[in-house]
Amino acid sequence: MHHVSDVAERFGTAAHHIGGRAVEGSGGATGTHFVVDPASGQAVWTYRTAGPADVDAAVAAARAALPEWAAASPGERSQALHRLAGVLDGMAEDLARAETAQCGKPIRLSREFDVPGTVDNTAFFAGAARQLQGVAAAEYSPDHTSYIRREPVGVVGSIAPWNYPLQMAAWKILPAVAAGNTIVLKPSELTPLTSLMFAQAATEAGLPDGVVNIVTGTGPDAGEHLVAHPDVAMTSFTGSTAVGRRIAALAAGGVKRVHLELGGKAPFVVFDDADLEAAVHGAVAASLINGGQDCTAATRAYVQRPLYDAFVAGVADLMRDVRLGDPSDPDTDLGPLITHAHRDRVAAVVERARGYATVVTGGAAPGGELAAGAYYFPTLLAGAPQHSEAVQQEIFGPVLAVLPFDGDDEGLALAGDTPYGLAASAWTRDVYRAGLASRTLAAGCVWINDHIPIVSEMPHGGAKASGYGKDMSLYSFEEYTQVKHVMSDNTAVARKDWHRTVFTDRSHR
Ligand code: NAD
């Protein structure tokens, strides 16, 4: 069960990409760190982490690259990103294997979702680079011509989580560089490999040195220094709500633009006219994707009373069929969770839930040949009260809670009753119920009769404690630009009429 990916070897011990080159870290306060294969618990790569000095070097490289990259035409930036999409596509299998090796996610998911999604995102932002949008230039005052410039914000400092390392790197880097910014990205210290490969690909595609930089270190050591750095103009963060709060507070000191993609606790609302088979299959897929370590994963199913028992039975049956195993095996449905410590946290929530809910299936870690990995069985909890831990707090594991409801309004109210607002879904064949759900649910995304799919053209981002700011789509591209209004006098008159509102021109008396 030990699957060391040879892709780790390509980096030696250089865990950082600064100024177009792979470089060693100084170690910072952490020294060395490991990438661990969670399927075996074995370290697959040891590297020296980044500390403040490495962050300083990366920010300096990004700052040096900024004037030329910002001055490149949209067409030139677009061409560079089109080349990048080609390079990434050419290394798709390597990327998929590296992602699976460091995260433990099933290779099918890496091959069919993470990697093609990243290539598509790159192609999308290659196009978006040429879409600078704004109000049309015009004489909104008869004496002036006004127009909008969209300029880069400057050096962007981004911080990403471990659950979709490649896609998160892409979601942060692409809109930033498409808009003419340069970037320093800190991936999670657990999963740096594919972010480093992405940066190498950018260099190979001809993006100038210093446009894309990667520093790999821990949050308190490298992350906080990056956020607070005086030469970083904007912080874009994806991760937990607790760390997001800390980052917003740090960024406030420098009055920096902040973009926060935080935790979620997505509801999955099944009305009594829903296609039960679709809802059952949808719930299992949407709660177990990436081992449930997905900020938009279905975590709370609210099922209208007439369908409740059949839904619980159907989901439990399907969950029992899910094949846990070696993540590099294309037949595996569910790999290990990211670390043993995280698996133990998930298990502890379920153990506490035994005091207030029924564990319909799962609720244990497998033994046998999977015992060495950070595995946990798909778990269905029934009857947990709305205000219990399992229903209110992000578990980030393969655990779905199911609760019944009666009236439509009650179901939607329960669905809205957590601090989070990232994503939600409603299952119904009634167009009016679907409309009501899409208007009522406070979330960045509402799916109707599906849950999880994303597209590069549409935004991803939260409401409430799930944060603010959008990834993907032209909305995210706009967030990485500064809107400047230029207002130009057309009269060439020295003594303008409006000056009377401030002082009287005595020379005319
Ligand atoms: P995390 O918040 O622990 O860490 C995220 C990143 O922040 C890591 O790179 C980490 O090193 C860094 N970090 C930690 N402490 C820091 C500090 N004090 N200052 C600066 N950086 C710091 O989250 P995680 O465990 O890596 O990821 C899981 C979380 O991410 C979940 O809450 C999940 O919902 C969320 N997430 C959200 C989205 C979204 O789009 N909304 C997407 C994926 C994951």
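1. A polar contact here is a pair of N or O atoms within 3.5 Å; within protein, one atom must be able to donate a hydrogen and the other to accept it, and residues adjacent in sequence count only if both atoms are side-chain atoms.

2. A word on the model before going on. It is a predicted one, where local features need pLDDT of at least 70, side-chain atom pairs count only at pLDDT 80 or more, and totals for chains, interfaces and linings use all residues. Residues are numbered from 1 along each chain as its sequence is written, and side-chain values use heavy atoms, with hydrogens and water left out.

3. A polar side-chain atom of Glu394 is 2.4 Å from a ligand oxygen atom, and for Glu189 the distance from a side-chain N or O atom to an oxygen atom of the ligand is 2.8 Å. On its own the ligand has 850 Å² of accessible area (Shrake-Rupley method, 1.4 Å probe), and the protein covers 89% of this area.

4. Now the shell as a whole. The ligand is surrounded by 28 residues (a heavy atom within 4 Å of it), and the closest are Ala160, Glu224, Ser240, Leu262 and Glu394. By class the shell has 12 nonpolar, 10 polar and six charged residues; Ala, Val, Leu, Ile, Met, Phe, Trp, Tyr, Cys and Pro count as nonpolar, Asp, Glu, Lys and Arg as charged, and the others, Gly among them, as polar.

5. Which pocket holds the ligand? The ligand sits in the largest pocket, in the sense that more than half of its atoms lie within 2 Å of the grid points. Pockets are found on a 1 Å grid over the protein atoms alone, as open sets with protein on both sides within 12 Å along at least five of seven lines; a cavity is a set of points where a 1.4 Å probe fits but cannot get out, and lining residues have an atom within 4 Å of a point.

6. This largest pocket has a volume of about 980 Å³, where volume is the space filled by probe spheres set on grid points joined across faces, edges and corners. Its lining counts 44 residues, with Pro161, Trp162, Gly239, Ser240 and Val243 nearest the centre. The largest share, six residues, comes from H11. Helices (H or I, at least four residues) and strands (E, at least two) are DSSP runs numbered from the N terminus. The lining divides into 22 nonpolar, 13 polar and nine charged residues.

7. The second largest pocket, at about 420 Å³, may also interest you. It is lined by 18 residues, and Leu109, Ala285, Leu288, Ile289 and Asp333 lie nearest its centre. Helices H4 (107–128) and H9 (276–288) each give two or more residues to this lining, with H9 supplying the largest share, four residues.

8. His460 returns here as one of its lining residues, alongside others including Phe113, Tyr164, Trp171 and Asp294. Helix H5 (residues 165–178) contributes the largest share of this lining, three residues. Seven of the lining residues are nonpolar, three polar and one charged.
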